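Load the model in your viewer and keep the selection panel open. The stops below go from strand to domain.

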Amino acid sequence: MPEAFYIYCLGEEGELSPLFDEKLIEAIEPGTKLQLIAADALAAVASVVPLADYGEEGFQARLAEPAWVAARAMRHERVLEHFASRASVIPLRFGAIYLKRARVEEMLHERAAELRSFIKRLRGKEEWGVNLFCDRAQLLEQIASLSPALREINERAAKASAGQAYLLRKKVDAQRADEARAEVRRVAGELERKLSAESDGVVRLRLRQAETAEHGDLAAKLAFLVEREGFKDFRAAAEELAAHYASAGFRLELTGPWPAYNFVAESEVR
Amino acid sequence: MSSERSSIITARPPGLVDVLDRILDKGLVIAGDIKVSLANVELLTLQIRILVCSIDKAEQIGLNWWRYDSNLTTRAERIEAENVDLRERLADLERQIQQLSAPPVPAASAKKVAAPRRRQASKKKS
């Protein structure tokens, strides 16, 4: 059966090759083994995949099958977590496929300088995801009780005629919503600023539509590159922010450590 | 005190959606020999999210390792999973009632248990 090479991550040969003496984990396709393809003292963690599923047409068709993708995405991630926790590696996006071993070696050779600088930048660091959630009802309530302007309008509404009161309350609602939006932006900004100070880089992630969890609506999603050694301080800073804003309906969620997916620039060679 | 403070943050192990957000969309892009269009990542993520909202379903297709991730499903998703489960049970009961009241239909339930992998393979050929 014709085969291709699926690539997971890149690193230094000297650092990666001893890891292949230890017990390895499952590759993306069941029954296949992880292997190392090396050139110029750099190396790619790879495994053989059937061309029927990973060739031009086959792969595009497979990408339309959520179950097929989900299982492989998780395996890709597990391979990366295995190596990222043991070495400085450049994580690749899902679906890097080469037809020949020699093509992988060529790529390592051609991009050697760039790859080395990534490896250097990522050494000893991990990616941490920070999600900011906002319980809108709680925030609105807090704003209503704290804002003097809103209190004043509410008091006027209490004394006004029915029609007047209705209009005033409408005004209160609109203003409250405005203030809530501004407050969410401000808190997200402060979060980014304060946690950036404890990290080596930050990336704002795209919010997908209507991401709602138990702790309210997702208001911001950030990724930080954090030194392993410095994680304690990073976490402490996050906890301080979380404690400070909890009563206003904000909640922080921390995910990680991740391979540094968000910190390898997309300098695609075409 | 410190444990009390920690509880303000939910540090959760990454769930499937976090994983997909990253690996389908992020990471170093190397051109490779196969042109891949991941243009529809958003749709794909959504589809997969729907797919695994039922943990049973996830286990069925071999994604059982994230049963360890108790936070993978939000409360809403758990309710959804329960609904799916209940609907399946209801369908089962209806089938049973039908089988009791009508002559047996040839092996409709046996097909349902067939391994999903095989199902995919045959789907691909078509």
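Two strands pair if DSSP finds at least two bridges between them. Helices (H or I, at least four residues) and strands (E, at least two) are DSSP runs, numbered from the N terminus.

This is a predicted model: local features need pLDDT of at least 70, side-chain atom pairs count only at pLDDT 80 or more, and totals for chains, interfaces and linings use all residues. Residues are numbered from 1 along each chain as its sequence is written, and chains are lettered from A and ligands numbered from 1 in the order in which they are written.

**Stop one: the strand.** Select residues 125–134 of chain A, strand β5. Look across from A:N131 to find A:K221 in β8(A).

**Stop two: another partner.** Select strand β9 (residues 250–258) of chain A. It is antiparallel to β5(A), with seven bridges between them. Here A:E127 has A:W258 as its bridge partner.

**Stop three: burial.** How many residues of β5(A) are buried? The count is 10 of 10. Buried means 20 or more other C-beta atoms within 10 Å of the residue's own, with C-beta atoms placed from the backbone. Show the side chains: A:K125, A:E127, A:G129, A:N131 and A:F133 point one way, and A:E126, A:W128, A:V130, A:L132 and A:C134 the other.

**Stop four: the domains.** Colour domain 1 (3–123) and domain 2 (127–263) of chain A; such bounds come from an automatic or database domain assignment. Their centres, taken over C-alpha atoms, are 38 Å apart.

Definitions and conventions:
Buried ≥ 20, exposed ≤ 12 C-beta atoms within 10 Å, placed from the backbone.
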